[in-house]
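Hi,

Here is the model I promised to pass on. Have a look through it, and my notes follow below.

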Amino acid sequence: MVHQSTDERPVCLNALVNLTDRTVEYFETPPELIRKFLGGRGLNMYYLYKYLKPGCDPLSPDNVLIIGNGLLTGMLVPNSGRHNVTCISPESGIIGDANIGGFFGPEMRFAGIDRLIILGRAASPVYLYLEDGRVEIRDAAPYWGLTCSETYVRFKRDLGSDVESEFIGPAGENMVRFACTRYGLKNSAGRCGTGAVWGSKNLKAVVARGNSGLPVADPEGMLAKYTELRDYLKKSKVTEVLGRVGTPLLYDVSNYLGAIRTHNSQQTVFFNTLNAEEVHKYVDKMLSCFGCVVHCRHRNRLGGEGPEYSTMGLVGANIGVVDTYQMIELNNLVNDLGLDVSSTGSYLAWAVELFEKGYIDAKTAGCELRFGDYPLMRQLINDIAYRRGLGDVLAEGSHLVDKFGKETADFLIAVKGLPQSDPHDVRYLKSFALGIATASRGADHLRSRPTLEILDLPAEVRQQIFGEPIDPNPTSYNSKGRLVYFHDNIFAANDCLGICRFICHGFNSPRNLDYTHFKDLIRLAYGLEFSEQELEEVGRRVVDLERLINFQEKGISRKDDTLPARYFDEPMPSARAKGSYIDRAGFDKMLDEYYALRGWDSDGMLPEERVAELNSLRGLS
Amino acid sequence: MPKQKQIYARPDLCAGCRTCANACSLVHRGAANPRLGAIRIRQDLVERYEFQEICRHCDDPPCVDACMAGCISKDPKTGLVIQDQSRCAGCWMCLMVCPYGAINRDIVREVAVKCDRCTGRQIPACVEVCPTGALVFDIREDAVVEPFFTEPTVAD
């Protein structure tokens, strides 16, 4: 027997917090906006566009920091523990948006607040406390200066073991431009330097205690759906392997292909000491985030969590650290300091190459920079977080191109000012290359990562997934625009719902949850009817809005949808991918196809009608 | 011998996702929030443990004695310790005496939340949803019926 809920709450309650005036306003998102943007990343973008002063300095009080839950976050839905942290990125100057798992998002919803929109800057360090639909601004002096793990433990000790917190570490406090927002020991809204924006607002943490339930329209149906989807997902081979060893499995794949970024992408093959089986010797247990059926998060024996594939690649292979133990130590260190591992590893490797090429002199560096020098890298990571010596310089991230010289940008593996997150060298997989070139937040693999074509799927399955024939050859430039377009849309919709990418259709697997599943889950949770087309349209709308914000902030257009010079000019040196590079004409062809599908003009701009449509939505509260 | 529904926990398999508690809350009150479920996952990422706290339906349940509203009782037929939530006064005495920490609080409604082994469901919801097999359901055939106080004793 299932009981119907008597709880009542709005679908989406927002709290507008002004830290300068220490005021909090509450308002509901109207149903027509939920229909257009669902929640999570979509509504975050909407409110960012609404409250943003165009051209603001990302580290000024004018920047808008939004912590927003997905429409299904906290529900009995597989992997529904995610939310997005959104602002203008201090690293790239365009949209900064990062998705984070763990338990904080659901707890925030149970505490009655679905989205925090934070403006201004507090006079002294504060944290926000959320309970029973209220937001309190509290003094954070006792917590300022603590590392991530210390902060996590202290809030549990001071406020009760049942609170959940999201916070920044020393890197965020010191406004390192690639500091991240963190939950627990490892879960991070990692990319785009969201943590620096917290620091600039003197905001150390948000703490929530959730006493209320989220009413569900059809509880019995949702329970049945959950078990059905869990069994469906657990049949997938990818889910099984991810649950056993986590993302490190991808290292072997990239390395075998000869496409692992090492020595700042000057080389593409690295030691097998970082293989999944080696890493797994240091793993105690695999853990889940909220509601997760995959459990891909490692509890490692060195006192932390991780490493993920990105970490292994970027603070392992990319900076030349061969030893498994040392790589995991660096992983734990980066996590504890609150740095984005992808950017950190990319900048460190870049710095070493610049030193080798003479752009950084010995006086600035303070010592000789070498790949594979573990004590030096460890010291540098600490120095970046606490802004000491060369670390203080590197903490400025991609802004250093102005300092070191325009030509140094050619050696930085970044797009639109954001270093590439995936340790995979994309010169071989052309669709992957197009994906990181067009991703709205910079060189990022979580906006598209179109890798389905390499799975050797039958033609009719490809046709069914993408709606038209797809060239299965990963090195051709045909139909790659369609692949990226498809993934961009479904991943955006996925982020709006607050569901993890690992169970989203198209992410490494042709199974997993697609628009039909999303539609069913929304109906069971809220009784709202959506069609598949409507949900895809939400994804398109979010991508378009992100493009519009990027254009408004930095004039992003076709010239910015490009790749690091090395990917065009230098063929890959080793193994099976040897000789691969991105052909400029082929790349232009892919871009044209992608723009045409999006309905953008040949310069990558939104048509005027679309801009007018998005602007008209700003009138809604 | 009566048959008793029993749930066994295997903490080594628990990945800490809290889906069991969320499903419990969903089934018993139609709303999602693991905190409102009768099963609870104790997890500490720094101390590195996770385990399930769930009512054992004790042979000699201290909560029955402690409940001043008299709303918790042990059903002799099923061996289950059942709470009538409509009469719960929210004094939290049952929480205080439970040796397993297996009773939760709903502080909004001020009632204790306690496992009923899902009356009316063949398999309890928490076991049904667990993605890792960390909860095991069994029907115990050997549950001992307590011989005392099952019939009122009348003095001649």
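How many residues of domain 1 of chain A are in contact with domain 2 of chain A? The count is 36 residues of domain 1, meeting 32 residues of domain 2, where contact means that the C-beta atoms, placed from the backbone, lie within 7 Å.

Before the rest, some housekeeping. This is a predicted model, so local features need pLDDT of at least 70 and side-chain atom pairs count only at pLDDT 80 or more, while totals for chains, interfaces and linings use all residues. Residues are numbered from 1 along each chain as its sequence is written, and chains are lettered from A and ligands numbered from 1 in the order in which they are written.

Chain A splits into domain 1 (13-209), domain 2 (260-419) and domain 3 (430-617); these bounds come from an automatic or database domain assignment. The centres of domains 1 and 2, taken over C-alpha atoms, are 25 Å apart.

Now for the two chains. On chain A, 37 residues are in contact with 29 residues of chain B. Four elements of chain A each supply at least two residues to that side: α4 (148-159), β13 (214-215), α7 (219-234) and β14 (283-287). Helices (H or I, at least four residues) and strands (E, at least two) are DSSP runs, numbered from the N terminus. The largest share, 7 residues, comes from α7(A).

β13(A) also pairs with strand β2 (residues 31-32) of chain B: the two run antiparallel, joined by 2 bridges, and pairing takes at least two bridges found by DSSP. There, Pro215(A) stands opposite Ala31(B).

Cheers

Definitions and conventions
Two residues are in contact if their C-beta atoms, placed from the backbone, lie within 7 Å.
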